[in-house]
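Please look over the structure shown here before reading the report.

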Amino acid sequence: MASFELINELTQFILKESRFCDLSLYSDWESLWTDDGHYWVPRSATMDPEKHVSHLNDNRMRVHTRVKALNSGTRHSQLPISPMSRVISPIELEAEDGDEYQVGVNFNLTEMAIQSTHDMHIWAGRITYQLRRVDGELKMARKKVVLVNGNEPIPNIAFLI
Amino acid sequence: MQVCPYHGWVYDLTGALIDVPHKDGYPDDFDKSEFGMVAASQVDVYRGFVFASLEGSGMTLAEHLGAATALIDRAVDLSPEGELDLQAGWLQHRFKANWKMLPENDCDGYHVETTHASFMHATDSQAMDLLSDADAEPPVVRDWGNGHMEIDFNVAYRSRNIPFEWFGRVPASKLPNYTAAMIKAYGEERAHELSVTGPPHAIIFPNLFLGELNVIFYYPVSADECVQLYTPMSLKGAPEVNKRALHQTEGAVGPASFLIPEDVIIAERNQAGLNAGGRDWVDLSRGLHREYEEDGKIVSHMSDETVNRGFWRRHREEMLRDHSK
Ligand SMILES: [Fe+2]
């Protein structure tokens, strides 16, 4: 049984990461990644990232490119940035291996597509995090987001999901 | 065999009705052959691309494609087996604009530096090398007739003669098996030509977009909403290429990519703008004064609306044509 302190620490990390996404704090968010990070939004839970085309399949270098584009001031699909609010479920520590933790949460995100239609978009699914302790500090080595509608026609995901 | 879950009617795989439960509810002369599924009245295939028309188009596929088969060839010839093998699945993107914003946008060379400024800022794209090389043949737009069109980057790549520059400048040494298979299939000279030329950036009227190593098509949902679908243009017999192309597709197209979300947001804003009224026409005259004819096709500067005029000419023809003939 994982200690309350550990669960609390993992929860606080995930809530902070979610807030950085909600507020589009791109550079703060980028600083949460390990050097070998993998940011992945497959079309469904059973897909292979090297075989099936994903919505988003960033290695660490592409995470940096994504943040650079978002910070450029000309990322029109996020100008202005989408007001967002996501609700994160209590966490489940799915696996633990030394300094590495696999944590699952469900989320529900409301996004206001303020750049054009002003439609309210609802996004929902499950996130699986691979969190690693590096020099005493938790970092994000992997974030996999499985949407309930990943295999449907969906609007822009130009924000941090 | 397919069984309808509503009343249990049974069809074979050709769509013919083969059984109906509780037949006594119908008279003896009930003719099952009249109740099969409706077939598309016209289906034809060119190099693996299946074209279908539910009502019939009034012309053959060969007449429709005309010279533009060369654009499809330019894509499919990149496979050492001369075939595409689309196995990666499709990204689907929904947005609130008329579908014709897509053919207008996909071959528009005028918007790139403004709409895609964030991509140019964040990446080191080979397109910039191409555009800044004064000695290279400049990219052009070309109206292939019948509404088919392209931005021809290939002339520029070919004149620079650098293998796989179009493929994110990957060195040929990283594609040894592909290179060997291409030489075996096409001979040294033709394989080299294909490696420096690359895939097309072209629209096959009305809704197929061969966007470099992406196969893309789109359909309307309503007058102001549409769906666009994307898959990597996987080449049969070319796993080294396909592995890279998969991640290029993810970077370039789809709802979370670097490029298309920008086009989509502009299209949605344009759609809202059209509702404003006050101006009856969208001006598409750019380049009229400098376009020229080459091999029976109209060609112009990459940023010119020559291709959009070609699209709308065909669109108008189709809207006026009697399709029952
Ligand atoms: Fe574009």
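## Basis of the model

The model is predicted, so local features are described only at pLDDT of at least 70 and side-chain atom pairs count only at pLDDT 80 or more, whereas totals for chains, interfaces and linings use all residues. Residues are numbered from 1 along each chain as its sequence is written, chains are lettered from A and ligands numbered from 1 in the order in which they are written, and side-chain values use heavy atoms, with hydrogens and water left out.

## The sheet of chain B

Chain B holds an open sheet of nine strands in the order β6-β12-β11-β10-β9-β8-β7-β14-β13, with antiparallel pairing; strands are DSSP runs of E with at least two residues, helices are runs of H or I with at least four, and both are numbered from the N terminus, while two strands pair if DSSP finds at least two bridges between them. At the edges lie β6 (91–95) and β13 (292–294) of chain B, each of which pairs on one side only. From one strand to the next the twist averages 20°, where axes are lines fitted to C-alpha atoms, for helices over the stretch in contact, and angles run from 0 to 180 degrees between N-to-C directions.

Strands β9 (residues 201–204) and β10 (residues 208–211) of chain B are joined in the antiparallel sense by four bridges, and B:Ile204 is placed opposite B:Leu208 in β10(B). Helix α2 (residues 69–76) of chain B packs on the sheet and touches β7 (140–145), β8 (148–152), β9 and β10 of chain B, its direction making about 50° with that of β8(B); contact here means heavy atoms within 4.5 Å. Helix α12 (residues 306–320) of chain B also packs on the sheet, where it touches β7, β8 and β14 (297–301) of chain B, and its direction makes about 20° with that of β7(B).

Eight of the eight residues of strand β12 (residues 225–232) of chain B are buried, so the strand is largely enclosed by the rest of the structure; buried means under 20% relative accessible area, exposed over 50%, and partly exposed in between, with a 1.4 Å probe and protein chains only. B:Glu225, B:Val227, B:Leu229 and B:Thr231 point one way from β12(B), while B:Cys226, B:Gln228, B:Tyr230 and B:Pro232 point the other way.

Antiparallel to β12(B), β6(B) is joined to it by five bridges, and B:Gln92 has B:Leu229 as its bridge partner. Strand β11 (residues 214–222) of chain B is joined to β12(B) by eight bridges, also antiparallel, and these two strands form a hairpin with two residues between them.

## The iron site and helix α11

The protein donors of the iron ion are B:His111 (NE2), B:His116 (NE2), B:Asp263 (OD) and B:Asp263 (OD), at 2.1 to 2.6 Å from the ion; donors are N, O and S atoms within 2.8 Å of the metal (3.2 Å for Na, K and Ca), and water is not among the atoms, so sites may look incomplete. Along the chain the donors follow the spacing H-x4-H-x146-D, and both B:His111 and B:His116 are buried.B:Asp263 is also among the buried residues of α11(B), which include B:Ile260, B:Glu262 and B:Gln271. What covers the buried residues of α11(B) includes β6, α3 (101–106), α4 (112–115), α5 (117–122), β12 and α10 (239–252) of chain B.

## A hairpin in chain A

In chain A, strands β5 (residues 100–112) and β6 (residues 120–134) pair in the antiparallel sense over 13 bridges. Ten bridges join β6(A) to strand β7 (residues 137–147) of chain A, again antiparallel, and β6(A) and β7(A) form a hairpin with two residues between them, where A:Asp135 in the turn has a positive phi of about 50°.
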